[in-house]
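Dear colleague,

Please find below the structure that I am handing over to you. My notes on what was found in it follow directly after.

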Amino acid sequence: MTSFSADDEVFMQRALELAANAGEVGEVPVGAVIVSDGEIVGEGANSSITTNDATAHAEILAIRDACDKLNNYRLPGATAYLSLEPCTMCAGAIVHARVARVVCATHEPRFGAAGSMSNHLQNSQLNHQCEVEFGLMQSQSSDLLKTFFRARR
C-alpha cells in the first residue's frame, strides 16, 4: 500500500475541488493539478462540454497551464494529481510532457490508461515512463462521480 504525504493530500484535495466545480456546471467531475518544486503550477477541470472541445480534459488543461507558467513544454520532476485515472489522450500528453509522478484518486475501468484498460504511463516501449500511484482520496472521487452520473440518469 502506498503511503501518501500531507502535501499529497493537500494537492489531491485541490484536484477534487476542481472536479466538483466541473460537476456543478454539468461537466464530468474530473480535476487535475500539476505540482513542481512543491507548488501548484497548473490546474484544470473538465470543460469539453462547455467549450465544445473534445481535448478540454482536466489533465490537458492543467498541463497547458503548467507549461505556460514554467515557460517549458516539458515538466521534468513534476507530479500530476488526478481525481480520475487518465484516458489514453491524457496519458499521452502526460508522457510527452515528461511528468515524473502521477497520483490518481481512483481507477477508470472503461477508459483508464494508467493500468485499468491499458498502461500508457508505464509502457516500456516509450522513451518516458511515470511513477503511478492510486488510492489517495479514492472514496471522495468515486462519490463525486457516482453522484454526478446518478443525477444524469
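**Helix 1 and what surrounds it**

The buried residues of helix 1 pack against strand 1, strand 2 (39–45), strand 3 (79–82), strand 4 (101–104) and helix 5. Contact here means heavy atoms within 4.5 Å. Helices (H or I, at least four residues) and strands (E, at least two) are DSSP runs, numbered from the N terminus. Buried means under 20% relative accessible area, exposed over 50%, and partly exposed in between, with a 1.4 Å probe and protein chains only.

Please note that this is a predicted model, in which local features need pLDDT of at least 70 and side-chain atom pairs count only at pLDDT 80 or more, while totals for chains, interfaces and linings use all residues. Residues are numbered from 1 along each chain as its sequence is written, and side-chain values use heavy atoms, with hydrogens and water left out.

The residues of helix 1 that are buried are D8, F11, M12, A15, L16, L18, A19 and A22. Viewed down the helix axis, these buried residues fall within an arc of 160°, so they line one face of helix 1. The arc is that of the directions from the helix axis to the C-beta atoms. As background, an α-helix has 3.6 residues a turn, so residues three or four places apart point the same way. A6, V10 and E24 are exposed on the other side of helix 1.

The length of helix 1 was also checked. Its 19 residues should span 27 Å at 1.5 Å a residue, and the end C-alpha atoms are 27 Å apart, which agrees. The expected span of a helix is 1.5 Å times one less than its number of residues.

**Helix 1 against helix 5**

How do the axes of helix 1 and helix 5 lie, and at what angle do the two helices pack? Helix 1 (residues 6–24) and helix 5 (residues 138–152) pack at an angle of about 5°, and their axes are 11 Å apart. This makes helix 1 roughly parallel to helix 5. Axes are lines fitted to C-alpha atoms, for helices over the stretch in contact, and angles run from 0 to 180 degrees between N-to-C directions. Angles under 35 degrees count as roughly parallel, over 145 as roughly antiparallel, 65 to 115 as roughly perpendicular and the rest as oblique.

On the helix 1 side, L16, A19, A20 and G23 meet Q140, S141, L144 and F148 of helix 5. By class, this contact of helix 1 with helix 5 has five nonpolar, three polar and no charged residues. Ala, Val, Leu, Ile, Met, Phe, Trp, Tyr, Cys and Pro count as nonpolar, Asp, Glu, Lys and Arg as charged, and the others, Gly among them, as polar.

In helix 5, the buried residues are S141, S142, L145 and F148. Seen down the axis of helix 5, they fall within an arc of 130°, so they line one face of the helix. Helix 1 is included in what covers them, whereas R150 and A151 are exposed on the other side of helix 5.

C90, A91, G92, I94 and V95 are buried in helix 4 (residues 88–96). The elements that cover these buried residues include helix 3, strand 3 and strand 4. R98, which follows helix 4, has a positive phi, near 65°.

Y73 lies in the loop between helix 3 (58–70) and strand 3, and is exposed, with a relative accessible area of 60%. Leaving aside neighbours within four places in sequence, Y73 is in contact with C67 and A97. Y73 and A97 are 24 residues apart in sequence, and 6.3 Å apart in space, C-alpha to C-alpha.

K69 is in helix 3 and counts as exposed at 52% relative accessibility. The C-alpha atoms of K69 and V41 are separated by 6.5 Å, with the two residues 28 residues apart along the chain.

S36 belongs to strand 1 (residues 31–36) and counts as buried, at 13% relative accessibility. Leaving aside neighbours within four places in sequence, S36 is in contact with V41 and L70.

D37 is placed in the loop between strand 1 and strand 2. Phi of D37 is near 50°, a positive value in a residue other than glycine. Is D37 buried or exposed? D37 is exposed, with a relative accessible area of 78%.

M137 is in the loop between strand 5 (131–134) and helix 5. Phi of M137 is near 60°, a positive value in a residue other than glycine. M137 counts as buried, at 14% relative accessibility.

Yours sincerely
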